Amino acid sequence: MAVVQRGNQVRPAEEDAVRRSGAEEKGQLADSGAGKEVASGSDSDGDVHETVVERPVIPKCKIVIDPGHGTPDPGAVGPTKLQEQEVNLKVALRLAELLKDSYDVVLTRRDYRGAMPSVRGSLTEKVSYTKKASLRYRAGLSKQVEAAMFVSVHANAAANDQAHGYEVFHNDSGRWLARSVFAAMGRAMPDHRPRRVEMAKYFVLRKNTVPAILVELEFISNAEQEAWLKKSDTLTLLARAIHEGIIEAKF
Ligand SMILES: [Zn+2]
């Protein structure tokens with residue numbers, strides 16, 4: 001659908017509130033796919049009444065995509081200073097783009113800045129960033145927007161600079177989703193180490209009220225993997241794998 005272009009843009013985090021109304025936007029845009037005959041100008045004089053066949057708009061499920069961290073919190077930093085927050089964001093934005101035909105995607109952040117509750121308030125509102133407040137906001141967003149599921153995107157780090165591989169964590173209700181994403185990653189990156197898919201108590205998982213997963217893409221602390229994570233092709237591959245896992249997931 002050519003019209004769905006607004007979703008491509010990286011909006012300032014302050015415009016996060018738009019995502020609420022973004023649902024409406026998307027609803028309309030989705031409609032343009034379903035009912036092509038409808039004139040887009042919505043002319044009020046009724047000229048097109050006889051030819052227009054209005055089809056019902058079926059609202060899409062919402063999904064929250066959470067690119068982990070964000071300034072002032074860079075997340076893990078690689079040997080050549082690649083920041084996790086940047087990798088997470090790039091993968092998440094590509095994932096959001098892939099998902100938008102199937103889901104109404106709500107991002108916790110759309111640029112380098114860490115997600116904060118202030119983004120839903122006025123632009124002049126100043127709320128100083130704290131990691132805890134950011135996490136609380138992220139974890140609460142799926143309930144707030146009534147999303148069906150929550151996907152947090154992270155890159156891993158370890159003291160052992162040889163550590164490598166991907167893993168997917170989940171909350172109580174997210175096991176089915178985590179397993180599907182883990183399997184899809186395995187198919188997309190067979191030369192990477194499948195570490196584990198298991199329940200974890202990370203804040204954004206524990207505090208989520210919907211099926212929630214946290215994906216650790218690879219170890220940014222490993223020089224070889226950091227170099228891999230710098231490639232644009234890699235970010236696309238990862239986004240596609242997570243997308244496939246989400247689309248194929250079954251309860
Ligand atoms: Zn992280």
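The contact is made by Leu177, Ser180, Val181, Ala183, Ala184, Met185 and Ala188 on the α4 side, and by Leu237, Arg240, Ala241, Ile242, Glu244, Gly245, Ile246 and Glu248 on the α7 side. Here, two residues are in contact if their C-beta atoms, placed from the backbone, lie within 7 Å.

Before going on, a word about the model. It is a predicted one, in which local features need pLDDT of at least 70 and side-chain atom pairs count only at pLDDT 80 or more, while totals for chains, interfaces and linings use all residues. Residues are numbered from 1 along each chain as its sequence is written.

Now let's step back to the whole protein. Its secondary structure comes to 7 helices and 6 strands; helices (H or I, at least four residues) and strands (E, at least two) are DSSP runs, numbered from the N terminus. In order from that end, the elements run α-β-α-β-α-β-β-α-β-α-β-α-α. Of the 251 residues, 40% are buried, meaning that 20 or more other C-beta atoms lie within 10 Å of the residue's own, whereas 12 or fewer make a residue exposed and anything in between makes it partly exposed, with C-beta atoms placed from the backbone. Among contacts between residues at least 6 apart in sequence, 76% join residues at least 24 apart.

You can follow both pairings from serine 152, which is the bridge partner of aspartate 66 and stands opposite leucine 214 in β6.

Back to α4, residues 175–188. Its 14 residues should span 20 Å at 1.5 Å a residue, and its end C-alpha atoms are 20 Å apart, which agrees; the expected span is 1.5 Å times one less than the number of residues. The buried residues of α4 include Leu177, Val181 and Phe182, and the buried set packs against β3, β4 (166–170), β5 (194–199), β6 and α7 (232–248).

Helix α7 has another partner in α2. The axes of α2 and α7 come within 8 Å and cross at roughly 45°, which makes α2 oblique to α7. Residues making this contact include Lys90, Val91 and Arg94 of α2 and Leu235, Thr236 and Ala239 of α7.

Arginine 94 lets you zoom in on that contact. It is found in α2 (residues 84–99) and counts as partly exposed because it has 19 C-beta neighbours inside 10 Å. Not counting residues up to four places away in sequence, arginine 94 touches Leu235, Thr236 and Ala239. Arginine 94 and leucine 237 are 143 residues apart in sequence, and 9.6 Å apart in space, C-alpha to C-alpha.

Note on methods
Two strands pair if DSSP finds at least two bridges between them. Axes are lines fitted to C-alpha atoms, for helices over the stretch in contact, and angles run from 0 to 180 degrees between N-to-C directions. Angles under 35 degrees count as roughly parallel, over 145 as roughly antiparallel, 65 to 115 as roughly perpendicular and the rest as oblique.
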